Amino acid sequence: MPLTYSNEDYYFAGLFDGEGSVSVLSGCGSEGPRRTRICVRLSMADRRPIEQLKKRFGGGITVSKRKKPYLDMHSWYAYGANAVEALTLFEALSVCKTAQCTLALRAIELTEMTKTRRKGARIGTQLFTEEELHERIALSTQVKALNKAS
């Protein structure tokens, strides 16, 4: 990340602090978690900042229709490389959710290590160590606890 940030970067980090969330999603198989996906999400009624987030980081937008007098809710979300880019910025500039960003980035790092091992591995090969498995579970638990507290 750059050592200097734009006003837009600070704005996005502030929005994330107030309206954003990080989820660590684990897909399970018979031998336990096989993959971990990180989702960065930010939701609000005003669509304009949501569109700016998508333009800046990629990802997607969903709209939840609500009955009047409530406004529709617009959500930006990102996975994979888009999530890494956003989380790296938010980790540097966030005031309230730095810990969630750090934990999510570590979970992504573990997932990338597993992907590297998967290349050329035989079917049924253990792709992660016992320590990595426990760390993945701990990271997910810690992010959930931080999300509840904020």
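Tyr11, Phe12, Phe16, Phe57, Trp76 and Phe90 form one aromatic cluster. The model is predicted. Two members of this cluster, Phe16 and Phe90, come up again below.

**The chain as a whole.** The chain holds five helices and four strands. Along the sequence, their order is α-β-β-α-β-β-α-α-α. Of its 150 residues, 35% count as buried. Among contacts with a separation of 6 or more, 58% join residues 24 or more positions apart.

**Aromatic pairs.** The count of aromatic pairs comes to seven. One of them joins phenylalanine 16 and phenylalanine 90 and is stacked. Phenylalanine 16 belongs to helix 1 (residues 7-19) and phenylalanine 90 to helix 3, so this pair ties together parts that are 74 residues apart in sequence.

A second pair is made by tyrosine 77 and tyrosine 79; their planes stand at 65°, so the pair counts as edge-to-face. Tyrosine 77 is partly exposed, at 24% relative accessibility. Tyrosine 79 is also partly exposed, with a relative accessible area of 28%.

| Pair | Centre to centre | Angle between planes | Type |
|---|---|---|---|
| Phe16 and Phe90 | 4.5 Å | 10° | stacked |
| Tyr77 and Tyr79 | 6.1 Å | 65° | edge-to-face |

**Charges over rings.** Both pairs in the table include a ring with a charged residue over its face. Lysine 97 lies over the face of phenylalanine 16, 5.5 Å from the ring centre. Arginine 37 lies over the face of tyrosine 79, at 4.2 Å from the ring centre.

**Helix 3.** Helix 3 spans residues 80-93 and has 14 residues. From its first C-alpha to its last, helix 3 reaches 20 Å, close to the 20 Å expected at 1.5 Å a residue. Which residues of helix 3 are buried? They are Ala83, Ala86, Leu87, Leu89, Phe90 and Leu93. These residues cover an arc of only 165° around the axis, which puts them on the same side of helix 3. The spacing fits a general rule. An α-helix has 3.6 residues a turn, so residues three or four places apart point the same way. Phe90, one of the buried residues of helix 3, is also part of the aromatic cluster.

Terms used:
Residues numbered from 1 in each chain as written. Predicted model: local features only at pLDDT ≥ 70, side-chain atom pairs only at ≥ 80, totals over all residues. Heavy atoms only, no water. Helix = DSSP H or I, 4+ residues; strand = E, 2+ residues; numbered from the N terminus. Buried < 20%, exposed > 50% of the residue type's maximum accessible area, 1.4 Å probe, protein only. Contact = heavy atoms within 4.5 Å. Expected span 1.5 Å × (residues − 1). Arc of directions from axis to C-beta. Phe/Tyr/Trp six-rings, centres within 6.5 Å; stacked < 30°, edge-to-face > 60°. Lys NZ or Arg CZ within 6 Å of the ring centre and 35° of its normal.
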